[in-house]
Amino acid sequence: MLQTAFNGFVTGIIVTLPALAITLLFGVLKFPNFAVGAMMTLAAYMVFTLNVQLGWPLIAATAVGAVAFGGLLIAVDYLTFKPLRERGSITLMVASLGLGFVLENIARLAYGNTARSFAIELARPFRFLDIRMNREQMIIIGVSTLAMLAMYVLLTRMPIGRAMRAVSDNPALALVRGIESPRIIRWTWFIAGLLLAVGGVLIGMDRALEPPMGSSYLIAVFAAAILGGLGSPLGAFVGALIIGMVSELSTLVMPPNYRIGIPLCAIALILVFRPQGLFGQPYIRK
Amino acid sequence: MISFLILISIVVCFSAILALALNFQWGLGGMVNFGLAGLYALGAYSCALLMLRAGANTFFATVGAMIIVAAVCGIVAFVTLRVTEEDYFAIVTLGVGEMLRLVALNEDWLTKGALGLTGIPRPLGDVVPPQYYQYFLLALSVALLLGTLWFLNALARSPFGRVMRAVREDDVVAATLGKHVLWARVRIFAIGGAFIGLAGSLHAFYYQYIDPTQFSNIVIAYAFMAVIAGGRGAHRGTILGAAVVMLLLEGSRFVKDLIPGIDSDQLAAIRIIIIGVGLIMLLIYKPQGFLREYRLQVDLK
């Protein structure tokens, strides 16, 4: 029980990073991005190339890979989403779905379907309060917490973070106040790229690297972001932890194959009882 | 060669029915369906299981599959759209589709899991002599495709079709004019679902063997591509789009012979990359597609 709760905590904390990325992207661009799963996959494989094929240490590989991936996402946005920006969220969603297929299959084309893993030395799991933990899980918790703190500082203390919040809150008002949205959009993609790359690496450490690794988290990531309230960074964090814990604990009472059902039911329940999520603003139509 | 063409034509027919169903839900109704692959699988499995386990004949199995998929679609639309917006609806359909595929993969007692279902009976399989069967199946598929086209065309031109387009363009205006938006959407999604079930049944009849890998993301990519290429809302365009996309997909099998040293996984990946890039390019450069949606025309003489 305690062990399962701990595993759920780790799953949840992995989901926090992509959930935050989704919620930032949604806040600024106003459509749910279905390509984030594949983006994590591709980023993880980029880091894999640096780490395993070029023999860099994982930390350096992740840092360089994440920055490169952030830049790549700015380019991807320029090519795919920028020309469609004014077309409404449905078109953008369909484009993001297509983009997800492309990115995932670029990874499949380049690296094949076999599962791979990062070059990290194996360490014996240790026990604490009767819970078995391994080093990867410690790294995951540490890295995610640091990333969350960094995001908190960025969003509340730094001009670019405040500008992002302003654009996501009210684009027209932000424009009046002299905040250029193209620049903010570029920054948002870059930061989302960092988050997704680190998230992808953590998933790769927790499980293994394979083409569907990112998209298999997609529903959970959306559930976390919706539970917290799409567009609310704090909500994404809390939502991810809840979704991770509940779906892992659910394996105690139901077959583990259907773990994905929990986030799905969570989405349905949230939509019925509290559509704005835990921390979101109630949505007022027209 | 002739028999290869016939087989491809049958594939084009049921793919076109699937694309028409998506066009009805998304092109005419404005409701994105990212769970298409799972719902398609639901149709194929329902049809196959109704015959293999419940002993239904092919006709009732097909009707049953249509009803089951329509019911699932209706429930999904009702539960989700009662409270929220299209953005959330897309996410929910994606989740439902994944869930259906997981059920097909994991419930061994019912679906035989990854092994798949074999020995699916075909319509009039014991009456029509085997050497002519492919011609018969082609004729049946074409007939069903034309029937689907006729039915959806009639619906699109009926008063209900106008409600659909009104809801798609601006649901607030439609509601202001006294149209029940939620009920209209549930019906749109369920009717589309029925035809997804029909396409799934034909899929099962054609292959006589179904397993979860047949219902992968390429189904979604292909159907969206067909609808966008054909022009959202345009039925004939959708069929044309489906035919072109399917011929490209099937034709790309020969790429394997042209490029040495490429394995089938890589080929599959390349096909999806091409479709995905094509999808985005079409959205950017030709969003209205190649044929136009039906418009009511008044002769001013």
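Reply: Happy to. Let's begin with a helix pair in chain A of this predicted model: Val10(A), Ile13(A), Ile14(A), Thr16(A), Leu17(A) and Leu20(A) of α1(A) are in contact with Gln137(A), Ile140(A), Ile141(A), Ser144(A), Ala147(A), Met148(A) and Met151(A) of α5(A).

Me: How many residues of the contact of α1(A) with α5(A) are nonpolar?
Reply: The contact draws on residues such as Ile13(A) and Leu17(A) from α1(A), and Ile140(A) and Met148(A) from α5(A). Three of its residues are polar and no charged residue takes part. The nonpolar ones number 10.

Me: At what angle do α1(A) and α5(A) pack?
Reply: α1(A) covers residues 2-29 and α5(A) covers residues 135-157. The crossing of the two is left-handed. Their axes lie 9 Å apart, and the angle is about 35°.

Me: Which helix supplies the largest share of the side of chain A that touches chain B?
Reply: On this interface, 35 residues of chain A are in contact with 36 residues of chain B. Helices α4 (89-111), α9 (218-228) and α11 (261-273) of chain A each supply at least two residues of that side of chain A. By class, it has nine polar and two charged residues beside 24 nonpolar ones. The largest share, 15 residues, is from α4(A).

Me: Why does Leu99(A) count as buried?
Reply: Leu99(A) is found in helix α4 of chain A. Not counting residues up to four places away in sequence, Leu99(A) touches Ala35(A) and Thr80(A), along with Gly276(B) and Ile280(B) of chain B. A residue needs 20 or more other C-beta atoms within 10 Å to be buried. Leu99(A) is buried because the number of other C-beta atoms within 10 Å is 24.

Me: What separates the C-alpha atoms of Leu99(A) and Val76(A)?
Reply: Along the chain, Leu99(A) and Val76(A) are 23 residues apart.

Me: Is Lys30(A) buried or partly exposed?
Reply: Lys30(A) sits in the loop between α1 and α2 of chain A, and its phi is positive, near 65°, in a residue other than glycine. Lys30(A) has 16 C-beta neighbours inside 10 Å, so it counts as partly exposed.

Me: Where is Gln208(B) found?
Reply: Gln208(B) has a positive phi near 60° and is not a glycine. With 14 other C-beta atoms within 10 Å, Gln208(B) is partly exposed. Its place is the loop between α9 (181-207) and α10 of chain B.

Me: How many of the 14 residues of α10(B) are buried?
Reply: α10(B) reaches 20 Å from its first C-alpha to its last, close to the 20 Å expected at 1.5 Å a residue. Just after α10(B), Gly231(B) takes a positive phi of about 100°. The helix is mostly covered, and its buried residues number 13.

Me: How far apart are the axes of α10(B) and α13(B)?
Reply: The crossing of α10(B) and α13(B) is left-handed. Residues including Phe224(B) and Ile228(B) of α10(B) and Ile275(B) and Leu279(B) of α13(B) make the contact. By class, the contact has 12 nonpolar, two polar and no charged residues. The angle is about 30°, and the axes are apart by 10 Å.

Me: Which helices do the buried residues of α11(B) pack against?
Reply: α11(B) spans residues 235-251. Its buried residues include Ile239(B), Leu240(B), Val245(B) and Leu249(B). The buried residues pack against four helices of chain B: α1 (2-28), α6 (133-157), α10 (217-230) and α13 (264-285).

Definitions and conventions
Residues are numbered from 1 along each chain as its sequence is written. Chains are lettered from A and ligands numbered from 1 in the order in which they are written. This is a predicted model: local features need pLDDT of at least 70, side-chain atom pairs count only at pLDDT 80 or more; totals for chains, interfaces and linings use all residues. Two residues are in contact if their C-beta atoms, placed from the backbone, lie within 7 Å. Ala, Val, Leu, Ile, Met, Phe, Trp, Tyr, Cys and Pro count as nonpolar, Asp, Glu, Lys and Arg as charged, and the others, Gly among them, as polar. The expected span of a helix is 1.5 Å times one less than its number of residues. A residue is buried if 20 or more other C-beta atoms lie within 10 Å of its own, exposed if 12 or fewer, and partly exposed in between; C-beta atoms are placed from the backbone. Axes are lines fitted to C-alpha atoms, for helices over the stretch in contact, and angles run from 0 to 180 degrees between N-to-C directions. A crossing is left-handed if the near helix is turned anticlockwise from the far one by less than a right angle, and right-handed if clockwise.
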